[in-house]
Amino acid sequence: MPKGRTRNMPIDHAAVADLDRVDRRLPLVDPFGRAITYLRVSVTDRCDFRCVYCMAENMAFLPKAEVLSLEELDRLCSAFVACGTRKLRLTGGEPLVRRGIMTLFDSLSRHLRSGDLDELTLTTNGSQLAKYAKEIKSCGVQRINVSLDTLDAEKFGTITRWGSLDQVLAGIDAALAAGLEVKINAVALKGVNDDEFPRLIEWAHGRGMALTLIEVMPLGEIGEGRLDQYLPLSIVRARLAERYQLDDLDYRSGGPARYVRVAETGGRIGFITPLTHNFCESCNRVRVTCTGTLYMCLGQEDAADLRKPLRASEANDVLFAAIDEAISRKPKGHDFIIDRRHRRPALARHMSVTGG
Ligand SMILES: C[S@@+](CC[C@H](N)C(=O)[O-])C[C@H]1O[C@@H](n2cnc3c(N)ncnc32)[C@H](O)[C@@H]1O
Ligand code: SF4
């Protein structure tokens, strides 16, 4: 066990090793011919921050019994790997505040070594990276996403409510020092960080990190006017184009981002625009929550319960059948709207449930 490893809830490797003996199954293909090769897993709904666009300050979190154990998460992820998942992203809530999370990384890394998985990765707020970066790298993780909306300590406090900018910056330093490729994700917030994008771009690109800007999505009741936060990235891009030469890139991450190269910095900017651009036609992903609920689309309510089949039997037949059935219901696309008349979120669940 690597130094510093939390020993809480260690994974029973003998129990999960069974899955390695499961014959590869046919890859998952949805009714629209899209191969489902990317799974995002929210390993906890809890977080040490309370970002204003993501959570209300007083969030009610799930009771432990409803949350999948680390062993169950391993079994679920491994079942997807057997069904052709090539990329696995752990997210949350904040994945690195889940107790014993490194045992899950460590255990899942066997799929990288066997060649069944191309990428194991992470989206984090960075608060725990100083502690875990080396260990994460040693589990075969190459690239991570760190969410950071501002470089101004006071604004950072206002946006995250409970976060410390210095701690996150130290975490990013540790990740880079450990040899991890870091991508910064920033949510564009009208009147909050929209004057700061050049600074963020130059800071990120100066350190060899790509920057992705994300439009606020109408997920979950957060107790504040979402309309007041919404800033279309088409406007951001037009403003940036007055200052920089932005060259379109063909590069696609298999996700909803469009990329440009900034001629002046040599770095890359991604724009994730779920509200102003329809990215569904190339969707290759599904999301599972920490309770084992599978969402076939980030922007739709339809879901499948995988916890029941997971707990029903130690064999995976029932689980595989539930996964197949769910994928056969994957919708063609989402219908996000910022509801201007009712000022209500388009979907009731928070981003911290599905993990973004
Ligand atoms: C839900 S967080 C989970 C992982 C981790 N806690 C973090 O912040 O990176 C994943 C991403 O979703 C983004 N996010 C949260 N709520 C959002 C919303 N309503 N609209 C757009 N992005 C959102 C966050 O900024 C973050 O980049
Ligand atoms: S965006 Fe991430 S860090 Fe912020 S509250 Fe949501 S889960 Fe926590």
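In this predicted model, the shell around ligand 1 draws at least two residues from each of three strands, namely β3 (119–124), β5 (181–188) and β6 (210–215). Altogether 19 residues surround ligand 1, and the closest are Y53, G93, E94, S147 and M217. By class, this shell comprises seven nonpolar, nine polar and three charged residues. A nitrogen atom of ligand 1 lies 3.1 Å from a backbone N or O atom of Y53, and a nitrogen atom of ligand 1 is also found 3.2 Å from an N or O atom in the side chain of E94. On the oxygen side, a backbone N or O atom of T124 is placed 3.2 Å from an oxygen atom of ligand 1. Of the 550 Å² that ligand 1 exposes when taken alone, the protein buries 95%.

Ligand 2 is surrounded by C47, F49, C51, C54, M55, G93 and N125, a shell with five nonpolar and two polar residues but no charged ones.

The strands that contribute to the shell around ligand 1 belong to an open sheet of 12 strands with mixed pairing, ordered β7-β8-β9-β6-β5-β4-β3-β2-β1-β10-β11-β12. Because β7 (246–248) and β12 (303–305) stand at the edges and have a single partner strand each, one side of each remains without a neighbour in the sheet. Neighbouring strands of this sheet are turned against each other by 25° on average, direction ignored. Within the sheet, β4 (residues 143–147) pairs with β5 in the parallel sense over five bridges, and N145 stands opposite K183 in β5. Helix α2 (residues 70–82) lies across β1 (38–42), β2 (87–91), β10 (285–288) and β11 (293–295), and runs at about 170° to β1.

How values were computed. Residues are numbered from 1 along each chain as its sequence is written. Chains are lettered from A and ligands numbered from 1 in the order in which they are written. This is a predicted model: local features need pLDDT of at least 70, side-chain atom pairs count only at pLDDT 80 or more; totals for chains, interfaces and linings use all residues. Side-chain values use heavy atoms; hydrogens and water are left out. A residue is near a molecule or strand if one of its heavy atoms lies within 4 Å of it. A polar contact is a pair of N or O atoms within 3.5 Å; within protein, one must be able to donate a hydrogen and the other to accept it, and residues adjacent in sequence count only if both atoms are side-chain atoms. Accessible areas come from the Shrake-Rupley method with a 1.4 Å probe; for residues, only the protein chains shown count as cover. Helices (H or I, at least four residues) and strands (E, at least two) are DSSP runs, numbered from the N terminus. Ala, Val, Leu, Ile, Met, Phe, Trp, Tyr, Cys and Pro count as nonpolar, Asp, Glu, Lys and Arg as charged, and the others, Gly among them, as polar. Two strands pair if DSSP finds at least two bridges between them. Axes are lines fitted to C-alpha atoms, for helices over the stretch in contact, and angles run from 0 to 180 degrees between N-to-C directions. Contact means heavy atoms within 4.5 Å.
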